[in-house]
Amino acid sequence: MAEISVIVPVYNTEKYVGRCIESVQRQTYRKWELLLVDDGSTDGSGRVCEKYAAGDSRIRVFHNKNQGPAACRADGVKYANGSLIMFVDSDDWIDGSMLEVMKAQMDETGAGMVCCIFKDIDDRGRERHTQMFGGEYIDCENAEQCMYQMHHTRYLTGSPCTKLFQKELFEEINFCKSVTIGEDYAMVVQLAEKAGKVRIIPRELYFRYVRKGSISHGGFTRRHKEAFDNYMRIRMELISKYPNLKSDIIAFHTEYEMAVITAMCRNDCYDTQVIGKLKKDLRKNMKNTMQNPKIPLYMKECALLIAYMHPVFVFLFRILHRLTGR
């Protein structure tokens with residue numbers, strides 16, 4: 001009987017999903033099942049998933065119409081047999097000991113959520129280690145400590161990957177199915193608030209593949225507009241609950257909100273209403289942005305340009321996009 005249900009939303013990752021699946025099959029911990037949720041892929045991703053499922057009874061495949069990753073995660077949780085849940089993106093992969101290590105940490109602590117850290121690897125094999133921290137672990141004993149680690153230190157990421165969850169946490173969770181950007185962060189915030197205790201360990205057990213063509217590097221769509229509105233809503237809710245973290249919450253959200261206008265630049269699709277809201281918000285919080293030490297200098301420069309000279313930002317970003325594809 002599977003104890004851990006690994007859920008993988010799949011969309012047009014024919015070249016990569018096999019590597020992801022095989023990384024789960026190599027796990028030293030054996031009581032797992034793998035749920036591959038094909039989100040209406042138009043390439044051969046669905047066939048690849050079926051091929052692996054035919055050779056391994058622990059793998060199940062579900063084919064949906066295209067709805068986005070949040071809907072895939074919701075379906076995966078619904079169909080999961082395990083008492084523990086883990087998510088992996090279909091173009092990423094995991095260390096062979098990840099399930100064993102995470103399960104041991106959960107058994108030891110009784111935590112509702114256990115988190116490792118990730119390593120970024122690009123298509124040239126270059127690695128980035130952006131999350132390493134000192135000490136054996138970080139324990140969050142309540143929701144406010146979780147929000148501190150998420151918005152101040154940022155060791156607790158907004159991604160559902162790199163984490164092992166108690167399945168019961170997902171009861172009555174809003175998966176934000178209509179949103180494509182930031183829906184994972186919205187879900188993790190809710191789960192962290194419900195978890196009771198969260199442990200973070202400084203081990204790079206999850207490998208993120210940084211590539212062109214992923215959702216985070218795509219052009220502007222209706223879902224980006226919904227994502228912007230969703231970020232604003234979540235921000236206000238968090239500030240009302242955790243007023244001592246107001247500066248960190250605003251700084252964290254400022255960086256992610258700016259991703260909306262970079263998406264517009266990628267496909268020359270500009271929503272003047274959203275740009276107006278973004279500029280107004282950036283100007284209102286500019287002092288906080290400039291003074292917050294967690295925001296990189298280049299992000300502060302981008303905030304200034306977008307807030308006061310957004311056509312210049314658009315021009316410069318378009319040049320960068322043509323040169324790098326990012």
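The questions that follow concern a predicted model.

Q: Is strand β6 (residues 113-122) largely enclosed or largely open?
A: Buried here means under 20% relative accessible area. By that cut-off, 10 of the 10 residues of β6 are buried.

Q: Which residue in β9 is the bridge partner of M113?
A: Strand β9 covers residues 163-166 and runs antiparallel to β6, with three bridges joining them. Within β9, M113 has as its bridge partner F165.

Q: In which sense do β6 and strand β10 (residues 198-210) pair?
A: Nine bridges link β6 with β10. One of the facing pairs is I117 and E204, the latter in β10. The sense of the β6 and β10 pairing is parallel.

Q: Which residue takes a positive phi in the hairpin of β6 and β7?
A: β6 pairs with β7 (residues 127-128) in the antiparallel sense over two bridges, and D120 stands opposite R128 in β7. Four residues lie between the strands of this hairpin. The residue with a positive phi, near 85°, is G125.

Q: Which side chain is joined to that of E257 by a polar contact of 2.8 Å?
A: E257 is found in helix α8 (residues 246-257), and counts as buried because its relative accessibility is 0%. Leaving aside neighbours within four places in sequence, its contacts are F228, Y231, M232, R235, L278 and D281. The side chain that makes the 2.8 Å polar contact with that of E257 belongs to R235.

Definitions and conventions. Residues numbered from 1 in each chain as written. Predicted model: local features only at pLDDT ≥ 70, side-chain atom pairs only at ≥ 80, totals over all residues. Heavy atoms only, no water. Buried < 20%, exposed > 50% of the residue type's maximum accessible area, 1.4 Å probe, protein only. Pairing = 2+ DSSP bridges. Polar contact = N/O pair within 3.5 Å; in protein donor to acceptor, adjacent residues only side chain to side chain. Contact = heavy atoms within 4.5 Å.
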